[in-house]
Amino acid sequence: MENEKKKTVFSGIQPSGNLTIGNYLGALRNFSQFTDEYDCLYCVVDQHAITVRQDPAELRRRTYEVLALYIACGLDPEKSILYVQSHVPAHAQLGWVLDCFTMFGELSRMTQFKDKSQKNADNINAGLFTYPVLMAADILLYQADLVPVGEDQKQHIEITRDIANRFNQVYGPTFTVPEPFIKSGSGAKVQSLAEPEKKMSKSDPNENAVVRVLDDKDTMIRKFRRAVTDSGSEVRRADDKPGIGNLMTIYSCFTGKTDEQIEAEFAGKGYGDFKTAVGEACAAELGPIQEKYKKLLADKAYLESVMKNNSARAAYLARKTLSKVYRKIGFTSV
Ligand code: TRP
């Protein structure tokens, strides 16, 4: 119906590190499927990125890059709201309020905090600890119904729901309690090419373990060809073949083929042929995106106009929720 209010989708990507095909398949690629039926906001979450040290010039550059990637992946900045988190002050403002509705104990249980504090033992700052609260603020500010994220963010959506429910219980209905949208099956989980029992990570020091969204075709093929596989030569999914299983997952995501189809396609062929085919399939999907991306990145003025217009649209929506919250908790306004 014309004037029936659409539901809202919110998601964000940090402008830290070079995005991997894991980030692409787990999150980014799924974003455009919602844009017809939902009001969508896709944010470049630069405030989350500074929970670990960032080089300022690099952070700035990557912020443009993620925005350009959003558009290159088919998101339309006239339709969806594509913007930068630090351009909308309400995120930090609501974040502070929600900090006061989040328990030390529950934040201590966040597995990402535990992981990240192990990896950054010399910089376990308070922002790293309250990271999930800022994420809750991102989502709750826009009354989002659905949050498409990778599997690793599930716990953060759960705490967001807990915070929303807690606030609503004290002050009456204020926030929509969001649902996660996690791509079911294998697409949500892409593993390292060097150690297939570990997740493919943006910050892996071994560059051969990671395929980047922006790697050129030859690099992609070379990395897949070097992927650790198991002894044997049969392309088949099995518990003792995590390397091949991971490549089958990736191939299946890019081609839409099932395990049975893949096994039939490579029956009697070796791992080498299969690995090359995975690289080709990956490059075939990402090549056109890279072309668009390069053109967009060369047009800074355009990207800046997108940032400006879209942060104004986001700020308008955010302010509505923030004022409601301020009123409910008893802040004065003049
Ligand atoms: N924490 C998310 C990640 O690292 C990024 C993020 C920040 C996010 N705020 C969000 C994702 C809000 C979804 C909704 O992937």
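These legends go with several close-up views of a predicted model. Local features need pLDDT of at least 70 and side-chain atom pairs count only at pLDDT 80 or more, while totals for chains, interfaces and linings use all residues. Residues are numbered from 1 along each chain as its sequence is written, and side-chain values use heavy atoms, with hydrogens and water left out.

View 1. Let's start with the overall division: domain 1 covers 8–183 + 300–329, and domain 2 covers 207–293. These bounds come from an automatic or database domain assignment. The C-alpha centres of the two domains lie 31 Å apart. In the contact (heavy atoms within 4.5 Å), 12 residues come from domain 1 and 15 residues from domain 2.

**View 2. The area buried between domain 1 and domain 2.** About 1300 Å² is buried here, and carbon and sulfur atoms give 69% of it. Buried area is the accessible area (1.4 Å probe) that two parts lose on being put together, summed over both. Keep an eye on Ile21, Tyr24 and Ala72: this trio supplies 42% of the area that domain 1 buries against domain 2, more than any other three residues.

**View 3. Polar links across the interface.** Between the domains, 7 residue pairs are in polar contact, both residues being at pLDDT 80 or more. A polar contact is a pair of N or O atoms within 3.5 Å; within protein, one must be able to donate a hydrogen and the other to accept it, and residues adjacent in sequence count only if both atoms are side-chain atoms. On the side of domain 1 that touches domain 2, α1 (21–31) and α3 (56–72) each supply at least two residues. Helices here are DSSP runs (H or I, at least four residues), numbered from the N terminus. The interface also has 1 salt bridge, defined as a side-chain nitrogen of Lys or Arg within 4 Å of a carboxyl oxygen of Asp or Glu.

**View 4. A salt bridge within helix α3.** The side chains of Arg61 and Glu65 meet at 2.7 Å, N to O. Both residues lie in α3, 4 residues apart, about one turn of the helix. By the salt-bridge rule, the count comes to 16.

**View 5. Around the ligand.** Of the 13 residues around the ligand, Gln14, Tyr131, Met135, Asp138 and Gln153 come nearest; a residue counts as near if one of its heavy atoms lies within 4 Å. A polar side-chain atom of Asp138 is 2.7 Å from a ligand nitrogen atom, and one of Gln153 is 3.0 Å from a ligand nitrogen atom. For Gln14, a side-chain N or O atom lies 3.3 Å from a ligand oxygen atom.
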